[in-house]
Amino acid sequence: MRTGFHPARLLVLAMLALFILLPLVQTVVLSFLNTLPRDGLAEGTPSLINYRNIFASDDLRASLVNSGVYVLLNVALCLGAGLPAAYAFSRYRFTGDRHLLLALLVFRMTPPVVLSLPIFILFAQVGLVNSPIGIALVHCLFNLPIAIWILESFISAVPQELDETAFIDGHSLPSFFLRHLIPAIAPGIGVAAFFCFSFSWVEVVFARILTVTGGKPITMAINALFTFQTDIGLVMAMTVISLIPGVAMIWFVRNHIARGFTIRA
Amino acid sequence: MRQALTFGALLLPALVVMGFVAVLPLLAVFNYSFHDIFSLDQAYWIGLEWYQEIVTSDRFLSSLARSLLFSGVILAIQIPLGIALALVLVRLHPVLRTFGLMLVALPLVVPWNMIPMIWLALVNPDTGLAGRAIEGMGWAFDYKFTALHTWALIVVMDTWHWIGLVVILACASLSAIPAPLYRAAAIDGASRLAVFRHIELPRLAGGLAIVLLLRFVDSFMIYTEAFAINAGGPNAATTFLSLDLGEDIKAYSYGSAAARAMLSFLVVVTVVWAFVKITTRDRGQA
């Protein structure tokens, strides 16, 4: 297959770029405009006031930290529980193991609205409401199956001899994981972390119902900005800031993003 | 025996987490759906009454039809478009391919409640780039009161949001095709169509099964984005199943909400099950 700079293909790429970037360009432009009538600053003038307002607001700054904490916790949970499970699915054969993997994926497909009510009641009983741990746990509902699926396909691409030689060399299972397996599938861990990170960062339904009084995430802080007189510039500036971690993650996994989605029959 | 123990021990953390956040809540919803719930201490067993009431109501049936139609439209647009884009991307120079993949991944990291805000700002006739262009061309675009326009806006927005997932997963399948296959096809003088039909499509099928399922379920249960665009309007034209369910939860009608949730879950599970049956039969293996 020839790859290169075919003009028709470049045109497709350019149109795709226009479609994807246009809404984002709009967002960035608005974030640098003053969108409310203010003293000494006409509406529609370019200004950094929105970004200054974000860093002047305790709520907005705190929401950035809250989101960061539960997203990182979620990624750690999904990788911590997902890696051993993915290894088990990749290396062991048992009756029903494929069905179990599929059942896990069905949970990824369970709509959050369906489970929001009992999850709130359950988490309220064990004191996980208003806590980042609660949100990090509940996001495992859709992220853990995805992490297991991605990691499983990366582990299956590693030849089994790696395990066998390590065990002959006297490595225990945990030490084999740390010394051999994790370095061998580092890109896969990156890709899994990227998807867990983004799906946790952008999720709204659970993040809203589990933060009643405190620990508001960035998504809810943005929602709270919609009032009688919404400062749309401030909303857009907050959105731009909320994009930065995701864009950084995309950059880190850019060369591996399209690997790790193969399923063995 | 030792193997079984290791297998179990490796799976244990994942199963404990899934049991707590998925299985327990699902059982609870199932239980609520048979009760009339005034408060959590006052719940009365009413059997299948909620189900009877919901299944026979026009409100449920019409929102179910709208959700199915919406999923159909979404799949009919996004799957072929995503495959076409992936076919172009894998033939580009590797640097450009990576650029393309990064590009389509961008909307995936935008918080879901901000996606409708961004699109509403974009089509705003006074300040939006697209809104001013549409007005400049003299088209009447009115997403608030014209049902077709609301639908168009939600479909385009959803495509913007999710096309990346289809492209990324399709690229994953395509880039696993060994180069000698293409060379052999070129030597045989195979047409572009024949290459797609006999080399690329079979490779795509496996990965596509999952994309189809994910896109079906996520579009079938679209909530955050659709609600913010027009709150289910105009005249309930975009009141999808989950928006209906959201109304019940907001009205503290928990029993009825639970029954609606179970019905949605049933539709999802049925589709997933049927889909797995069909695809595994075609491949002739379990």
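This is a predicted model: local features need pLDDT of at least 70, side-chain atom pairs count only at pLDDT 80 or more; totals for chains, interfaces and linings use all residues.

Biologist: What is the area buried between chain B and chain A, and how much of it do carbon and sulfur atoms give?

Modeller: About 8,200 Å², with 85% from carbon and sulfur atoms. Buried area here is the accessible area (1.4 Å probe) that two parts lose on being put together, summed over both. On chain B's side, B:Phe7, B:Leu10 and B:Val109 supply 8% of the area it buries against chain A, more than any other three residues.

Biologist: Why is A:Tyr92 called buried?

Modeller: Its relative accessible area is 11%, and buried means under 20%, exposed over 50%, partly exposed in between (1.4 Å probe, protein chains only). So A:Tyr92, at 11%, is buried. A:Tyr92 sits in the loop between H3 and helix H4 (97–108) of chain A. Leaving aside neighbours within four places in sequence, A:Tyr92 is in contact with A:Tyr87 and A:Asp97, plus B:Gln3, B:Thr6, B:Phe7 and B:Leu10.

Biologist: And what makes A:Ile168 exposed?

Modeller: A:Ile168 has a relative accessible area of 71%, so the label is exposed. A:Ile168 belongs to helix H8 (residues 161–168) of chain A. Helices (H or I, at least four residues) and strands (E, at least two) are DSSP runs, numbered from the N terminus. By that count chain A has 13 helices and zero strands.

Biologist: How do you know that the buried residues of helix H9 of chain A are on the same side?

Modeller: Those residues are A:Phe176, A:Phe177 and A:Leu181. They cover an arc of only 100° around the axis, so they end up on the same side of H9(A); the arc is that of the directions from the helix axis to the C-beta atoms. The face turned away from the buried side carries the exposed A:Leu178 and A:Arg179. The buried residues pack against helix H3 (58–91), helix H7 (140–156) and H8 of chain A, together with helix H1 (2–32) of chain B.

Biologist: Which residues form the nonpolar patch on the surface?

Modeller: A:Leu18, A:Leu21, A:Leu22, A:Val25, A:Val29 and B:Leu129, with about 460 Å² of accessible area together. Patches are made of residues with over 30% relative accessible area and no salt bridge: like charges are joined within 9 Å, nonpolar side chains (Val, Leu, Ile, Met, Phe, Trp, Tyr) within 5 Å. Accessible areas come from the Shrake-Rupley method with a 1.4 Å probe; for residues, only the protein chains shown count as cover. Helix H1 (residues 7–31) of chain A gives the most, with five residues. A:Leu18 has a relative accessible area of 57%, so A:Leu18 is exposed.

Note on methods. Residues are numbered from 1 along each chain as its sequence is written. Chains are lettered from A and ligands numbered from 1 in the order in which they are written. Side-chain values use heavy atoms; hydrogens and water are left out. A salt bridge is a side-chain nitrogen of Lys or Arg within 4 Å of a carboxyl oxygen of Asp or Glu. Contact means heavy atoms within 4.5 Å.
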